[in-house]
Amino acid sequence: MNPSRGWPFWLRFVLSALLGALAAFGLAPFGIWAATLVGLLLLAPLYLSTETRGRAAWLGWAFATGYFAHGLSWIIEPFFVDAERHAWMAPFALIFLAGGLALFWALAFWVARRPGGGAVKQAVFLAVALSLAEFARGYVLTGFPWAGLAQVWVDTPVAQLLSLFGPYGLGALTLLATLPLGAALAQRGGFALPLGLTVGTACLVLVYAATRPTVTETEHTVRLIQPNAPQHQKWDPDYAPLFFARQIEFTAAQPRPDLIVWPETSIPAWLGSAQPYLDAVTDAAQSVPVFLGIQRGDGPQIYNSMIYLDEQGQQQGLYDKHHLAPFGEYVPFGNLMARFGIHGMATTAGHGFSSGPGAALMDAGKLGKALPLICYEAVFTQDVLSAPARADFLLQITNDAWFGTRSGPYQHLAQAQMRAIEQGLPMMRSANTGVSAVIDPLGRITNALALGQAGFVDAQLPAPLAPTVYARIGDFPVFFLLAVLFALLWRNVRRERA
């Protein structure tokens, strides 16, 4: 018998929120994946205790709000870079972001709950509905998949399943391995299906992780530059020359690598007037090609960009970021909002940055083709899947100084590791304040610079693996399977109620 059925609803609501906050300990920097499993296991009895669909939705919203409020607490950090202008927005940003994302979960709880049905079947239905809700969270209104359930498995063998099913498929397996088991424990019976799902998933992990290929290294050395420029000083005229000089020093250091990577917006001038800075980079690079981040203007439009300077210092590649951060790089209805003093935090222009044309490859000379990702774009598996061809390596430049020093940079790094596993490609990641890292095709960090450290790291570029199953098929097969399961379960529930 489910003991929570007799508890007052307010108590179940509060417990649900606390379980969500507990589950978020699975995310970086904690990485306590067992906390996520416990949170989901105990969520099932609370869900089954609800007397109406409305109450189920409220419990789902409470759990997800607790989860996102804890997991995304770093979101307040950018608002304190320019505290005078933006600090007042910080609590609203966290509350509205967590509560808004939780609406996807609330809808799934409302749709799946059918009081009176079989407990395990309802838990399976809920797991499928939540998996579809996570798809919606990652795609609708430009998407925000940060803190997806698959993220808790980074640095464990379970993460290797990303190369088969992607982040949404692994998230679905996590839900199917926990919610039905929690339901069976609550009703003290019907363990066959839940244990089959849980044990089956565990066996799949053990077998598949043991058969992953060996990663080798290329003969090419890449240097990742990390100037460690705090965001409140990054553009200050008294400090910007210091940070640029620091990057020049790191670039010129011996021995010479085969490629040098500077972080996002690392040149303290717009591209149209940056030639003196680019000449200094060329001189320091000593015939080594360089990728670097820079801002550029094109008429009334401005872009967050990456350029490639070849061995002679000539610009041979340009990429404009296309997946922009809302309220960071642009504000919806920006010109109207600007009248009220509301701007994107990364720009003071009314409508903010403009989007580039989309995913593209950049020639990296003898190292092959790079798929450029600027900051936030590495969060989106669809941005990697939309590449026009297969790259030889993934290249992320980012300015994680916006994310503070607690959880944000580590969660951003974890998602870069996920993209590497999904594609079977190495990831080169240069971050302004860290964590700069070389990530192999199995998602393992082979070399890194700690957060808040100025310096550089020279590392061998890992060789790519063969294209993974997920790289070939993408998200649609998992989405289609979940949609079919949802339709079958919905039909079954309606027949039972008829």
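Which residue in β7 does M362 stand opposite? I looked it up, and M362 faces A370 in β7.

**Ground rules.** This is a predicted model, so I kept in mind that local features need pLDDT of at least 70, that side-chain atom pairs count only at pLDDT 80 or more, and that totals for chains, interfaces and linings use all residues. Numbering starts from 1 along each chain as its sequence is written, and side-chain values use heavy atoms, with hydrogens and water left out.

**Sheet with β6.** I stayed with M362's neighbourhood. β6 and strand β7 (residues 369-374) run antiparallel, joined by two bridges. For my notes, helices (H or I, at least four residues) and strands (E, at least two) are DSSP runs numbered from the N terminus, and two strands pair if DSSP finds at least two bridges between them. The sheet is open, with six strands in the order β6-β7-β8-β9-β10-β11 and mixed pairing. Its edges are β6 (362-363) and β11 (445-449); each has a single partner strand, so one side of each lacks a neighbour in the sheet. I then checked what lies across this sheet: α14 covers β8 (393-398), β9 (427-431), β10 (436-439) and β11, at about 160° to β9. Contact here means heavy atoms within 4.5 Å; axes are lines fitted to C-alpha atoms, for helices over the stretch in contact, and angles run from 0 to 180 degrees between N-to-C directions.

**Sheet with β5.** I found another open sheet of six strands, ordered β5-β4-β3-β2-β1-β12, also with mixed pairing. β5 (315-320) and β12 (455-462) are the edge strands, pairing on one side only. On average, neighbouring strands of this sheet are turned by 35° against each other, direction ignored. Helix α10 (residues 240-252) packs on the sheet and touches β1 (217-226), β2 and β12, with its direction at about 160° to that of β1. I also looked at one strand pair: β2 (residues 259-261) and β3 (residues 290-298) are parallel over two bridges, and I260 stands opposite V290 in β3.

**Cavities.** My search of the whole structure turned up three cavities of 30 Å³ or more. A cavity is a set of points, on a 1 Å grid over the protein atoms alone, where a 1.4 Å probe fits but cannot get out; lining residues have an atom within 4 Å of a point. The volume is the space filled by probe spheres set on the points, which are joined across faces, edges and corners.

**Helix pair.** Last, I checked α3 (residues 53-71) against α5 (residues 90-112): they pack at an angle of about 140°, with their axes 7 Å apart. W61 and F68 in α3 are among the residues that meet α5, whose side includes W105 and F109.

Technical notes. On a 1 Å grid over the protein atoms alone, a cavity is a set of points where a 1.4 Å probe fits but cannot get out, and a pocket is an open set with protein on both sides within 12 Å along at least five of seven lines; lining residues have an atom within 4 Å of a point.
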